[in-house]
Every structure is written in structure tokens, then in C-alpha cells.
Amino acid sequence: MARRTTKNETGIERITPPVGNAHDAWTTFICLNCRKINYEYIGNTLLTPEEAYNTQRWECQHCGYVHSKDSGLPQSWEKSWFPELLAPRELTVERFWKAFFKNATENPQAYWKFCNSCGRIQPSSHFSKHAGWGPLEKQMECRACKAAINAILNPQRTSEQLRESSIRRRIGDLIVSEYEEKLDVQSLFDRFGGKCFKTGKQLDITKTGTWHIDHILPSKYLYALNSRNAALLSDEANANKRDQWPSQFYTPQELVELARITGADLALLSSPDPIQNPAVTSDNVNRAVDRYLAVRNTTDLPKRVEEIKKVLQDYSLCSLLDKQHKAILGLI
């Protein structure tokens with residue numbers, strides 16, 4: 001889809017963040033002393049937990065308490081902690097701060113981001129993926145604002161743009177179709193205890209539309225939907241997941257549990273970067289070409305040839321074509 005211009009066609013003005021730009025990362029913490037929420041600007045480079053522990057001094061904007069490895073824990077905690085456990089440099093305090101900063105920075109999903117449409121700072125999971133956009137690689141507007149913007153802009157998409165999106169999905173489905181299986185919904189509910197895997201919300205199997213079957217490894221990367229690649233999610237969680245790679249949406253602990261429940265490959269699930277399905281074979285690709293070109297009207301054939309050739313080139317799958325099918329697509 002062609003990138004739209006910066007001209008405001010929606011009536012929704014862009015909001016400038018209080019510091020940095022809309023791509024930058026933030027984190028949030030609840031003050032140990034006054035228990036009020038704070039937002040801390042991180043910038044265009046994510047912190048490792050070790051860096052955060054060694055370098056960060058997060059001062060509460062409400063009471064001034066400094067959250068740092070050099071700080072003791074609040075004196076008000078003496079009601080439930082022995083005083084000697086609260087002093088700076090004590091082992092208990094050192095371990096506390098290491099875990100505190102790890103929770104805030106251990107993976108991209110722990111970070112927050114500014115929405116330049118509504119002005120709220122929200123968890124990064126509330127933003128859709130956009131490769132190359134800032135340290136979090138997320139869109140500038142949150143999903144709620146994006147839904148409103150799309151309600152205005154989507155009708156402006158050309159029929160050709162909509163068709164291209166549909167074609168890509170259809171050809172991807174043809175490539176992996178032999179690995180698809182008819183899932184038993186009741187078995188899926190049983191495996192996940194009838195709960196949304198991400199939120200723990202209890203789901204009702206009879207209320208379709210309130211729950212979804214998630215491609216754990218997205219179909220965008222040519223993974224089929226089967227029992228090893230299916231998770232039960234609520235409508236809201238599924239909307240947040242979309243085409244994100246598992247490690248970009250699920251926590252490390254959740255990935256381990258997913259692998260346990262489904263039998264999926266944990267190394268693949270936990271890869272920090274998406275990996276296109278390496279199991280796609282030459283037979284898959286050649287068969288997909290045959291099926292896509294099996295049309296009744298010969299006037300459609302030249303267009304179909306160009307369509308599938310473009311998709312295979314985008315997926316870097318042309319090398320899997322045999323000589324005959326390369327000739328059919330004009331690649332030799």
C-alpha cells in the first residue's frame with residue numbers, strides 16, 4: 001500500500017510529546033514511597049536491565065523519592081520490614097533494585113510509548129508493529145486512535161490496494177494449505193482451560209466473537225494454523241497480537257508455557273526477530289503456482305502470473321521453483 005502523504009486528511013491533529021519524539025521509548029513505575037504512577041522518558045535506545053540498574057535515577061514527580069541502586073528503601077516500610085533491611089547497599093536492597101529495573105526494561109513489551117494522536121503514554125503492546133520506526137518499532141498512534149484514523153482513511157484506499165492485500169493472503173494460504181488442520185475448538189478450550197492465554201480471562205465457547213484462535217507464529221510468515229501453532233485469546237488480546245512475532249507479544253514465561261501446552265519449538269517462539277517458515281518446500285511453492293493459475297478465463301491468466309511472481313519474489317521463494325515453473329512465470 002502506498003504511504004499516504006503528511007497532509008492532514010483525518011481532522012485528527014498530531015500531538016507533540018513533552019520530550020523527544022513519538023517513536024521514543026518510555027517506562028512507567030509506581031513510586032515506592034507515595035505509590036503514585038510515574039512516566040520516565042528513556043529515549044531512542046532501549047536499556048538492558050543491567051544498564052538500567054547501574055545508570056538510572058528515577059525521581060518521583062509527586063514526592064521526590066529517588067529510585068536508584070544508591071537509594072535505601074522508604075522508611076515507611078519499617079512497619080513491615082526490619083530497619084536494617086532498608087539501608088542502602090544492603091543485600092536485600094541491592095536485590096530489590098535489580099529486580100525493580102529488570103521488570104521495567106527486560107524486553108520491548110515492558111516499555112511504554114507516546115501516542116501522537118491522543119497524547120497518552122501507553123504500554124508498547126497497545127501499538128501495532130512497524131519495522132524500522134524507533135527502538136520499539138511501533139506505529140506513532142495507539143491501536144484505538146489507529147482504528148479511528150482507519151475508519152476515515154480506509155474508504156480512501158483504492159480497490160487495487162485492497163486487492164493486492166487480498167492476493168498476498170490468498171497465495172500465502174495456498175503455500176501452507178497442506179499443513180493446515182481442522183482444529184477441534186473444544187479441545188483447544190480444554191488445553192487452555194477455557195481462558196484467554198494472555199489475560200487469563202474466562203471465555204465462553206458459545207459466545208463466538210468474544211474469543212479467537214491465534215496463529216502463534218503468524219501466517220504472515222507462512223506458518224499454518226494447527227494444534228502446535230494455536231492459542232486461545234480473547235477478542236481484545238487477539239486485536240493486540242495481530243501479526244506480531246511471539247517474542248514481541250508474549251513474555252518469556254508465557255513463551256515457555258505456550259511451548260509446554262502446544263508442543264511448539266521454544267527456540268523459534270523466542271527468537272527476537274521474525275523467521276519465515278523454513279519448512280516451506282519446493283513442492284509447496286510449485287503446487288501453489290499450479291493452483292493459483294488454475295483459472296477458467298484465459299484473460300485473467302497474464303495478471304495471475306504477475307501477481308504470484310511478485311508475491312514469491314517478496315517472500316524470496318523463487319529459488320524453490322523448479323525449472324518448469326520458473327519458465328511459466330518468466331523467470332528464466
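Trainee: Hi! What should I know about this model before I start?

Mentor: It is a predicted model: local features need pLDDT of at least 70, side-chain atom pairs count only at pLDDT 80 or more, and totals for chains, interfaces and linings use all residues. Residues are numbered from 1 along each chain as its sequence is written, and side-chain values use heavy atoms, with hydrogens and water left out.

Trainee: What is the average pLDDT of the protein?

Mentor: The average is 89, and 94% of the residues score at least 70. pLDDT is the predictor's confidence in each residue, from 0 to 100.

Trainee: And where is confidence lowest and highest?

Mentor: Helix H4 (residues 159-176) has the lowest mean, 77, while strand E4 (residues 66-67) has the highest, 98. Helices (H or I, at least four residues) and strands (E, at least two) are DSSP runs, numbered from the N terminus. Also look at residues 1-7, where pLDDT stays under 50.

Trainee: Okay, new topic. Which residues have the most contacts inside the largest nonpolar core?

Mentor: They are Phe192, Phe197, Leu232, Tyr250, Leu258 and Leu269, in a core of 28 residues. A nonpolar core is a set of buried Ala, Val, Leu, Ile, Met, Phe, Trp, Tyr and Cys residues joined through side-chain atoms within 4.5 Å. Buried means under 20% relative accessible area, exposed over 50%, and partly exposed in between (1.4 Å probe, protein chains only).

Trainee: Which helices and strands each supply at least two residues of this core?

Mentor: Helix H5 (185-191), strand E8 (230-234), helix H8 (252-262) and helix H9 (266-269) do. A second, separate core has 22 residues, including Ile171, Leu222, Val305 and Ile308.

Trainee: What is Phe197 in contact with, leaving aside its neighbours within four places in sequence?

Mentor: Its partners are Phe192, Leu232, Leu233, Tyr250, Glu254, Glu257, Leu258 and Ile261. Contact means heavy atoms within 4.5 Å.

Trainee: Let's move to helix H2. Which of its residues are buried?

Mentor: Val93, Trp97, Phe100, Phe101, Ala104 and Thr105 are the buried ones. Seen down the axis of H2, they fall within an arc of 110°, so they line one face of the helix. That arc is taken from the directions from the helix axis to the C-beta atoms. On the other side of H2, Arg95 and Asn103 are exposed.

Trainee: What do those buried residues pack against?

Mentor: They pack against strand E1 (25-30), helix H1 (49-55), strand E3 (58-59) and E4.

Trainee: Now the charges. How many salt bridges does a search of the whole structure find?

Mentor: There are 10. A salt bridge is a side-chain nitrogen of Lys or Arg within 4 Å of a carboxyl oxygen of Asp or Glu. Arg14 and Glu141 form one, at 3.0 Å from N to O. This pair links distant parts of the chain, with its residues 127 residues apart.

Trainee: Is Glu141 buried or exposed?

Mentor: Glu141 counts as buried, at 4% relative accessibility, whereas Arg14 is partly exposed at 40%.

Trainee: Which residue forms a salt bridge with Asp314?

Mentor: Arg168 does, with the closest N and O atoms 3.2 Å apart. Asp314 is in helix H11 (residues 301-314) and Arg168 in helix H4, 146 residues apart.

Trainee: And how far apart are Glu306 and Lys309 in helix H11?

Mentor: They are 3 residues apart, about one turn of the helix, and their side chains meet in a salt bridge (3.4 Å, N to O).
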